[in-house]
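Look through the structure first, then read the points below.

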Amino acid sequence: MDRIRIIGGRPLNGTIPISGAKNATLPLMIASLLTKETLILDNVPRLADVALLQRILGNHGVDVTVGGKRAGETADHGQTLHISAAHIVDTTAPYELVTKMRASFWVLAPLVARMGQARVSLPGGCAIGTRPVDFLIMAMERLGAQIEIDAGYVVAKAPKGLKGSEIVFPKVTVGGTHTAIMAASLADGTTVIENAAREPEIVDVADCLNKMGARISGTGTGRIVVEGVAGLNGARHSVLPDRIETGTYAMAVAMAGGDILLQNARPELLQTALDLMQASGVQVTPTNQGIRIARNESELAPIEVTTAPFPAFPTDLQAQLMALMTRARGTSHIVETVFENRFMHVQELVRLGARIHLEGERATIEGVERLKGAPVMATDLRASVSLVIAALAAEGETIVNRVYHLDRGFERLEDKLSRCGAAIERLSG
Ligand code: EPU
């Protein structure tokens, strides 16, 4: 199993290219199931989760080919995928695959919408919370699918097709909103989705679906309207930049000190996080190439923040912000309201010398003078990368174990950071 070795204390200077968003790429790839024609996706990040979803879609009969490099292209450019679901040969998504990546459960919606049936394994538990799929099932039922749970599988049928309806989510859900939009696109009639997720990745997927011939309006607001169409065509779409990767590297620079251009980053995708960092004393400058983040010798001020759905501060940056706040001058508070168990990084940060006290969903972080390197590990990708951030400012050597978590969501992390002066390397085996 690979590990990452970091010697802390070096500032970061230079340019970090921001990749296409993982959490847009995955539903975009799944949306390919809605059409017989080819969907071409540009700016796709090279991630373990993308490769795994390729395999999962392959099981349904989907052909995915990676486009060849064009002149002048480097590893900093995303890849181009040509995805063809001309022949769906299997509407079952098996347990062994769905448990490896929860988002693959979302194949339920396009399979039922296009094929009238699907058998998709329930994903089971997760390291960051219970993460049920009841709202996704409710959305499919509202659209007329008959659903049974059989031997750990969701068996959904809509032999005469789905029917437009009103779907009101009791709680904002990204996966629920993707499910509702994809299924409603091929339903008969109009669907109104209330309390919809407003995340930029929802907007990106709907933009692509509209290029494919769907009629979706209101994305980016809490009320989305989908007029169903009889069929969808192929299209070409470029994945939007990853706001969580952007925020992660912004916090890495804030932690280590230095001056970095986050190339291709778009400030409006993470304005709340950028405002908060600025309030803490980090320089944030939007430029026409991306976002510049800088911190010199200045101290970090503590913060108070609560995670919540977009446009509030994202849960996917909570662990990274906590790592940063371990070095603030004073006491910070972070309340996690999206996932009930997303604090697995806390005890690992404590191993590096952080002072963090947990009470239910509220973490109190007392800033310390220094962190000291140690071997650490984490159970999900955002928690793992928070340890990398802490290690960049810790004295001496930190070994981050279980690097496969990082590989799921961060493209060439050690390469991007070492090019900017970090002492970071991957130890294989
Ligand atoms: N929820 C339910 N029932 C449901 C669905 C959700 O109770 O049927 C609850 C969840 O347990 C959670 C809340 O609703 O408490 C929000 O969950 P949501 O459905 O929004 O999460 P998701 O769609 O499963 C996506 C991202 C996550 C990100 C969350 C929140 C992808 C592939 N995953 O998950 O990303 O944290 O939205 O923004 O888009 C990550 O990338 O590290 C990651 C975990």
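Which residues are linked with Asp2 in a network of salt bridges? Asp407, Glu414 and Arg426 are linked with Asp2 in that network. A salt bridge here is a side-chain nitrogen of Lys or Arg within 4 Å of a carboxyl oxygen of Asp or Glu. By this rule the structure has 24 salt bridges.

This is a predicted model: local features need pLDDT of at least 70, side-chain atom pairs count only at pLDDT 80 or more, and totals for chains, interfaces and linings use all residues. Residues are numbered from 1 along each chain as its sequence is written, and side-chain values use heavy atoms, with hydrogens and water left out.

**Helix to helix**

- Arg243 and Glu201 form a salt bridge, with 2.8 Å from N to O.
- The pair links distant parts of the chain: Arg243 lies in helix H8 (residues 243–256) and Glu201 in helix H7 (residues 200–211), 42 residues apart.
- Helices (H or I, at least four residues) and strands (E, at least two) are DSSP runs, numbered from the N terminus.
- Both Arg243 and Glu201 are buried.
- Buried means under 20% relative accessible area, exposed over 50%, and partly exposed in between (1.4 Å probe, protein chains only).

**Strand to strand**

- Asp259 and Arg292 make a salt bridge, and their closest N and O atoms are 2.7 Å apart.
- This pair also links distant parts of the chain: Asp259 is in strand E15 (residues 258–263), Arg292 in strand E17 (residues 290–295), 33 residues apart.
- Asp259 counts as partly exposed because its relative accessibility is 29%.
- Arg292 is at 32% relative accessibility, so Arg292 counts as partly exposed.
- Glu366 and Arg355 meet through their side chains in a salt bridge of 3.5 Å, N to O.
- Here strand E21 (residues 362–366) holds Glu366 and strand E20 (residues 355–359) holds Arg355; the pair links distant parts of the chain, 11 residues apart.
- Glu366 has 37% relative accessibility and therefore counts as partly exposed.
- Arg355 counts as partly exposed because its relative accessibility is 48%.

**Cysteines**

- The structure holds zero disulfides.
- A disulfide is a pair of cysteine sulfur atoms within 2.5 Å.
- Cys208 has 0% relative accessibility, so Cys208 counts as buried.
- Cys420 counts as buried because its relative accessibility is 4%.
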